[in-house]
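Let's walk through this protein together, one topic at a time. Have a look at the sequence and the model, then read on.

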Amino acid sequence: MLQFNVTNRNYLLTGFRQNETPSTSETVLAFQALIFINHNKLFLFTMMLHTHLAFAFLISILALKFLSPANQLLFTFILLIGAAFPDIDHPKSRLGQMAWPISLFFEHRGFFHSFFGIAIFTFLLYFVSGSTLYSIAFLLGYASHIFADALNYKGIMPFHPLLKVKLKGFMKTGTFYEHAVFFVLVAVNIFLLLVF
Ligand SMILES: [Zn+2]
């Protein structure tokens, strides 16, 4: 008999008895459990999009003050795109679902979360748009994402794929702390919008 222990939405496969052939439904259940475990693992690897966007918005408010772009809305929009972009390497993220082949070839929090990723994609945007200002917006958003992920306990590999040295912090995704950070960021953003 196939057994599952259900703890905190995690299904742990405890195995078959020796010489026992699983039935079709048991095999299907085993696959479902494996998919569930992988889904949860992937979820834990990624900070939530809204936290990244709230942090990027804070960076944008400060950057607008110093850089004074002609089109502030476009500047902020590109900065937020930069902040969402690195998780394109995650099959469950919104961008990753749209560009799903990327997560087949690139490790999550690998190249797309490295200094090389920041440099190459910012240069590509500059090459295509010819705009220093909007390339800076993208760079700031991208860098804010990498910085925030570096605070997560899973960390990032800034020199991936050359060096697999990790930079990591303490924060776990989807926990009370991340929600608290999100609400503090929103409060600070509203305060700065009112003051600036
Ligand atoms: Zn990320």
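A term to start with: pLDDT is the predictor's confidence in each residue, on a scale from 0 to 100. You'll need it because what you're looking at is a predicted model, where local features need pLDDT of at least 70, side-chain atom pairs count only at pLDDT 80 or more, and totals for chains, interfaces and linings use all residues. Residue numbers start from 1 along each chain, as its sequence is written.

**How confident is the model?**

- On average, the protein has a pLDDT of 82, and 76% of the residues score at least 70.
- Another handy term is contact: two residues are in contact if their C-beta atoms, placed from the backbone, lie within 7 Å.
- Over residues 41-45, pLDDT stays under 50, and the model has 10 contacts beyond four places in sequence for this stretch.

**The overall layout**

- Helices (H or I, at least four residues) and strands (E, at least two) are DSSP runs, numbered from the N terminus.
- With that in hand, you can find eight helices and two strands in the protein.
- Going along the sequence, the pattern reads β-β-α-α-α-α-α-α-α-α.
- Take the contacts between residues at least 6 apart in sequence: 58% of them join residues at least 24 apart.
- A residue is buried if 20 or more other C-beta atoms lie within 10 Å of its own, exposed if 12 or fewer, and partly exposed in between, with C-beta atoms placed from the backbone.
- The protein has 196 residues, and 29% of them are buried.

**H2 against H3**

- Before the angles, a quick note: axes are lines fitted to C-alpha atoms, for helices over the stretch in contact, and angles run from 0 to 180 degrees between N-to-C directions.
- Helix H2 covers residues 49-67 and helix H3 covers residues 72-84; they pack at an angle of about 140°, with their axes 9 Å apart.
- Angles under 35 degrees count as roughly parallel, over 145 as roughly antiparallel, 65 to 115 as roughly perpendicular and the rest as oblique.
- H2 and H3 are therefore oblique to each other.
- The H2 and H3 crossing is right-handed (a crossing is left-handed if the near helix is turned anticlockwise from the far one by less than a right angle, and right-handed if clockwise).
- On the H2 side, the residues that meet H3 include Leu53, Phe57 and Leu64, and their partners in H3 include Phe75, Leu79 and Leu80.
- Sorted by class, the contact of H2 with H3 has 12 nonpolar, four polar and no charged residues (Ala, Val, Leu, Ile, Met, Phe, Trp, Tyr, Cys and Pro count as nonpolar, Asp, Glu, Lys and Arg as charged, and the others, Gly among them, as polar).

**H2 against H7**

- The axes of H2 and H7 come within 9 Å and cross at roughly 140°.
- That makes H2 and H7 oblique to each other.
- H2 passes H7 in a right-handed crossing.
- Among the residues making this contact are Phe55, Ile59 and Leu67 of H2, along with Leu133, Ile136 and Leu140 of H7.
- By class, the contact of H2 with H7 has nine nonpolar, five polar and no charged residues.

**H6 against H7**

- Helix H6 (residues 115-129) and helix H7 (residues 132-150) cross at roughly 160°, and their axes come within 9 Å.
- H6 and H7 are therefore roughly antiparallel to each other.
- The contact involves residues including Ile118, Phe121 and Leu125 of H6, and Phe138, Leu139 and Ile146 of H7.
- It divides into 10 nonpolar, four polar and no charged residues for H6 with H7.

- Most residues other than glycine have a negative phi, and most peptide bonds are trans.
- Ser68, in the loop between H2 and H3, has a positive phi near 40°.
- Arg109 has a positive phi near 60° and is in the loop between helix H5 (101-105) and H6.
- Is Arg109 buried or exposed? Arg109 has 24 other C-beta atoms within 10 Å, so Arg109 is buried.
- His160 and Pro161 are joined by a cis peptide bond, with omega about 5°.
- Lys65 is in H2, and its C-alpha atom is 8.0 Å from that of Phe196, 131 residues away along the chain.
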